[in-house]
Structure formats: structure tokens, C-alpha cells
Amino acid sequence: MGEPNLAAQPSQEFERVLVHSATEVASFDTHDKTAVQKIQHFLHSTPAAIPFIVLVAAIIIFGMAIGGKFFSSYTLTLILQQIAIVGILGAAQTLVILTAGIDLSIGVIMVFSAVIMGNFAVTYGLPAPLAVLAGFGVGGLCGFLNGFLVSKIKLPPFIVTLGTWYVIMATNFIYSANATIREADVTAVTPLLHIFGVSFKVGSAVFTLGVLIMALLVLGLWYTLNHTAWGRHLYAVGDDPDAAELSGIRVDRGLLGAYTLAGLIAALAAWVSIGRNGSISPSAAVTDYNLQAITAAVIGGISLFGGRGSILGTLIGAMIVGVVSMGLNMLGADPQWKVFLTGVLIITAVAVDQWIRKVAG
């Protein structure tokens with residue numbers, strides 16, 4: 001008789017249990033994705049694609065309906081001039097929405113910052129650079145207040161910014177006595193406040209410095225959000241704050257920074273608005289700048305659930321609204337059609353976002 005094969009006999013209880021265990025290697029389903037799934041994955045990884053397609057389609061449709069006049073450099077650059085303020089505010093709103101928050105006060109922060117700049121320069125006679133710094137200080141302080149209440153006190157962003165919207169708007173009217181500062185008075189004191197209204201030519205196209213600063217701001221924020229640790233942390237906070245906290249990200253600091261920076265950008269929009277409008281009116285606080293900024297972000301593919309979207313999409317979203325508005329005006333359509341189409345675009349954008357979020361991985 002041969003020697004028993006001791007190596008084949010398990011000596012431990014757990015080894016005896018494993019003798020008859022399955023030995024197959026795990027396999028994964030590698031079937032090709034369907035065309036719809038491929039589209040979902042593409043749109044999930046390229047959130048600015050849909051708004052870009054919509055923008056191109058809108059330009060083509062209105063171009064065919066209106067003719068060559070719509071494609072003139074004057075018309076296209078006028079659209080950019082009209083969306084400069086909303087584009088900047090939309091960039092500020094994007095930072096907050098990426099954290100799964102919302103800032104309903106961003107428009108009144110802009111108006112109050114403009115009122116501060118105007119009064120410090122015209123009423124108090126301070127040097128224009130100090131007046132501009134004061135406006136930025138107020139904008140940053142308002143943003144910091146929002147961020148503190150959201151990140152440290154843990155209050156819901158919607159309720160916080162709804163409350164500060166009332167507070168800042170009332171403060172704006174009380175401080176200014178609702179007195180408009182005329183364009184001539186601003187010009188007589190300093191041209192610095194009107195600097196973003198200065199125009200320049202590129203070929204036959206006419207741009208303003210306000211359009212240029214909007215483009216530079218969006219490009220700068222795009223680089224920051226995509227190529228810096230702060231930007232990646234901001235996306236992580238919006239996607240899953242608990243997971244971000246466990247990975248070592250200071251969620252409260254990220255939220256505070258996002259809201260504060262949004263306030264500073266709103267102050268920049270205030271400066272641009274002075275150049276665009278000429279005069280400084282406290283009553284502009286009752287306009288729908290807040291909704292316009294949110295509209296640009298949502299149509300531009302920024303997810304209201306946070307953590308997904310490209311700030312380039314926000315700029316495209318603002319351009320879509322500008323193209324639709326200009327096209328309908330040139331066609332002589334009822335202005336309410338702009339409101340109607342904007343509502344349709346918002347609902348469609350949210351529906352598409354929900355569909356894209358169902359993609360696996």
C-alpha cells in the first residue's frame with residue numbers, strides 16, 4: 001500500500017469546509033452597451049454637451065427664420081453684451097449649486113454692492129478704488145454670512161438664502177433711501193465705475209470689457225474646478241458630503257468658501273452692471289436676477305442635486321436664453337413666449353439631468 005497523501009487531507013476545520021467550495025473565477029458581464037447607454041455615459045461625462053447642442057440648434061432655427069441679419073456680428077455680440085451680468089451671476093450660482101445648495105440672495109447682493117460702490121464714490125467722495133473695494137467687501141461679507149449659516153449652523157441653504165434675500169434687500173432700501181445715482185453724477189466723479197461699459201472692436205464685432213471679464217471669469221473658474229484640489233473637493237462635497245468628510249475633506253470649509261466666493265463674484269457683477277446700465281438704482285433689487293442666474297445654471301446642465309456639471313455649461317445656458325430672447329424680439333413675437341420657452345427649457349433640463357443620473361458608474 002502506498003503512503004497516504006497527507007497534503008490532500010485538510011487538517012483544520014475551516015479547510016474541510018472549503019474542500020467542496022466553488023473554484024470558478026468570478027466573471028463580469030461584458031456585453032456591449034446599447035446606443036442609449038452610450039449616450040447616457042457620454043452626457044454624464046460631458047455635461048456641457050446638451051446645452052451646446054441646444055445653443056447651436058437655436059442659432060440655426062432663428063437664423064433660418066430671420067435671415068442673414070441674425071448672423072451679423074452686431075447681433076451676436078449684442079447678445080453677449082446683454083448676458084454679461086447674468087453670465088457672471090450664473091457663475092457665482094454654479095459654485096453654490098455644485099455643493100447641492102442654492103443662493104436666492106445672489107441678485108440682491110449684486111444690487112447692494114453696486115449701491116455701496118456708487119454711494120462711497122459719489123455721495124461720500126472717496127477715491128473710486130476704495131469705493132470698489134467697499135463693494136467687494138460687502139459682497140464677500142454677505143456671501144460669508146450665507147456660508148456660515150449653512151456650514152456652521154447647519155441650516156438649509158434654501159431657507160438661509162431666502163431669509164438673507166429679505167434682509168439684504170431691506171438693508172439696501174434703508175441705506176440708500178431708494179435714491180437712484182444718475183449716470184452723469186457717476187461719470188463726473190470717476191470713470192472707473194463705468195469701465196466695464198467701455199467697448200472695443202475685433203474686426204467688425206464690438207465687445208465690451210464686461211463681456212471680456214465674464215469670459216475670463218468663467219475660464220478661470222473652469223480651470224480651478226477641474227485642475228485644483230479645491231475644485232475637486234467642491235464636486236466631492238456636492239456629490240456626497242459624508243463620503244467627502246470621511247476622505248478628509250473639510251466640508252464646512254468648502255461650503256463657506258463657495259458661498260463667500262459667490263458673494264465676491266456678485267460684487268464683480270455689480271461693477272459690470274454699473275458699466276452696462278450707467279446709473280445705479282436700488283430698486284433693481286426687485287428684478288429677477290436670482291432666477292436668471294439659476295436658469296442659466298440649470299439650462300447649462302448644472303445638476304440641482306450637486307456634484308455634477310460644467311461651469312462652461314452655465315455660460316452656454318445664459319447664451320441660450322440670450323439667443324431665444326433676441327430671436328423672438330427680432331421676429332416681433334409676444335415677450336411672453338420668451339418666458340414660456342424658458343420654462344420649457346428648465347423643465348427639460350431637469351428631466352434630462354434625472355435621466356443622465358440613472359447611468360451606472
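1. There are 15 helices and 2 strands in this chain, where helices are DSSP runs of H or I with at least four residues and strands are E runs of at least two, numbered from the N terminus. Please keep in mind that this is a predicted model, in which local features need pLDDT of at least 70 and side-chain atom pairs count only at pLDDT 80 or more, while totals for chains, interfaces and linings use all residues. Residues are numbered from 1 along each chain as its sequence is written, and side-chain values use heavy atoms, with hydrogens and water left out.

2. On the chain as a whole: 45% of the 361 residues count as buried (under 20% relative accessible area; exposed is over 50% and partly exposed lies in between, with a 1.4 Å probe and protein chains only). Among contacts (heavy atoms within 4.5 Å) with a separation of 6 or more, 77% join residues 24 or more positions apart.

3. Axes here are lines fitted to C-alpha atoms, for helices over the stretch in contact, and angles run from 0 to 180 degrees between N-to-C directions. Angles under 35 degrees count as roughly parallel, over 145 as roughly antiparallel, 65 to 115 as roughly perpendicular and the rest as oblique. The α3/α14 crossing is left-handed, meaning that the near helix is turned anticlockwise from the far one by less than a right angle, with clockwise for right-handed.

4. The α3 side of this contact includes Pro51, Phe52 and Phe62, and the α14 side includes Gly313, Met319 and Leu331. By class, the contact of α3 with α14 has 17 nonpolar, 2 polar and no charged residues. Here Ala, Val, Leu, Ile, Met, Phe, Trp, Tyr, Cys and Pro count as nonpolar, Asp, Glu, Lys and Arg as charged, and the others, Gly among them, as polar.

5. Helix α14 also packs with α9 (residues 209–227): the axes come within 8 Å and cross at roughly 150 degrees, so α9 and α14 are roughly antiparallel. From α9, Met214, Val218, Leu219, Leu221, Trp222 and Leu225 meet Ile311, Leu312 and Leu315 of α14. This contact has 9 nonpolar residues, with no polar and no charged ones.

6. Helices α5 (residues 106–123) and α6 (residues 128–151) pack at about 150 degrees with axes 8 Å apart, and are therefore roughly antiparallel to each other. Their crossing is right-handed. Among the residues in contact are Phe112, Ser113 and Phe120 of α5 and Gly135, Gly139, Gly143 and Asn146 of α6. The classes for α5 with α6 are 12 nonpolar, 5 polar and no charged.

7. Two backbone spots deserve a look. Ala100, in the loop between α4 and α5, has a positive phi of about 70 degrees although it is not a glycine. Ala100 is partly exposed at 38% relative accessible area. Lys154, in the loop between α6 and α7 (157–176), has a positive phi of about 65 degrees and is exposed at 60%. Most residues other than glycine have a negative phi.

8. Finally, Ser73 sits in helix α4 (residues 73–97) and is partly exposed, at 27% relative accessible area. Leaving aside residues up to four places away in sequence, Ser73 touches Ser204 and Ala205.
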